[in-house]
Amino acid sequence: MKTGSMQNAITEVLTGRRVEAVSGGGGLDLRLDGPVTVRVAHEFRFAAPSFAAPSEVEHFFPALTVRPTPSLLALVGRTVGAARVTLAGGLELGFAEGGALSVPPHALVAPWSVLTAEGAVCAGLPGGEVRWTEPGGA
């Protein structure tokens with residue numbers, strides 16, 4: 001799938017969905033309505049909105065186990081306002097009520113995936129490649 005088509009597809013799958021739950025452990029799971037899950041398996045950054053100062057950016061390393069912080073837990077109830085796959089193969093989510101999650105590509109591991117009840121529909125692969133599978137397809 002070409003980058004432009006992939007961009008449109010990830011936007012369609014994620015934009016407008018509400019975050020229903022945030023969980024940690026060996027990674028970060030954002031469970032969205034649909035049901036759709038964004039699973040982050042490697043390093044990511046979260047820029048929380050701050051009204052008193054510039055955004056505070058938190059860095060997370062799932063290899064060390066993720067414990068959702070208060071700012072990550074505050075995503076529950078927020079809506080994904082924007083979603084895009086970067087040219088390098090990362091994933092970026094912007095929330096309508098403020099905040100942004102950024103997952104960079106990784107040379108050796110698959111850092112992120114988007115799953116529906118039918119399975120993975122989009123995943124960042126090692127080396128920055130991105131795989132897209134039509135829901136219900138192979």
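Here are some friendly questions and answers about this predicted model and the terms used to describe it.

Local features are given where pLDDT is at least 70, and side-chain atom pairs only at pLDDT 80 or more, while totals for chains, interfaces and linings use all residues. Residues are numbered from 1 along each chain as its sequence is written, and side-chain values use heavy atoms, with hydrogens and water left out.

Q: What makes up the secondary structure of the protein?
A: The protein has two helices and eleven strands. Helices (H or I, at least four residues) and strands (E, at least two) are DSSP runs, numbered from the N terminus. Along the sequence they follow the pattern α-β-β-β-β-β-α-β-β-β-β-β-β.

Q: What joins β2 to strand β3?
A: Five bridges do, and the strands run antiparallel, with β3 covering residues 36-40. L32 has V36 in β3 as its bridge partner. Three residues lie between the strands of this hairpin, where G34 takes a positive phi near 140°.

Q: Why is strand β2 called largely enclosed by the rest of the structure?
A: Buried means under 20% relative accessible area, with exposed over 50% and partly exposed in between (1.4 Å probe, protein chains only). Four of the five residues of β2 (residues 28-32) are buried, so the strand is largely enclosed. For the protein, 42% of its 138 residues count as buried.

Q: Which strands form the open sheet, and in what order?
A: Six strands form it in the order β1-β2-β3-β9-β10-β11, with antiparallel pairing. β1 (19-23) and β11 (130-132) stand at the edges with a single partner strand each, so one side of each has no neighbour in the sheet. Neighbouring strands are turned by 20° against each other on average, direction ignored. Within this sheet, β9 (residues 112-116) and β10 (residues 119-124) pair over five bridges, and V114 stands opposite C122 in β10.

Q: Why is the pair of F44 and F60 called stacked?
A: Rings of Phe, Tyr and Trp (its six-membered ring) pair if their centres lie within 6.5 Å; planes under 30 degrees apart count as stacked, over 60 as edge-to-face and the rest as tilted. The ring centres of F44 and F60 are 4.7 Å apart and their planes are at 10°, so the pair is stacked. A search of the whole structure finds one aromatic pair. F44 lies in strand β4 (residues 44-48) and F60 in strand β5 (residues 56-60), 16 residues apart.

Q: How do you know whether F44 and F60 are buried or exposed?
A: F44 has 0% relative accessibility and counts as buried. F60, with a relative accessible area of 8%, is buried as well.

Q: What makes G94 buried or exposed, and what does G94 touch?
A: G94, in strand β7 (residues 91-95), has a relative accessible area of 19% and is therefore buried. Contact means heavy atoms within 4.5 Å. Not counting residues up to four places away in sequence, G94 touches T79, V80, G81, A82, G99 and A100.

Conventions
Two strands pair if DSSP finds at least two bridges between them. Axes are lines fitted to C-alpha atoms, for helices over the stretch in contact, and angles run from 0 to 180 degrees between N-to-C directions.
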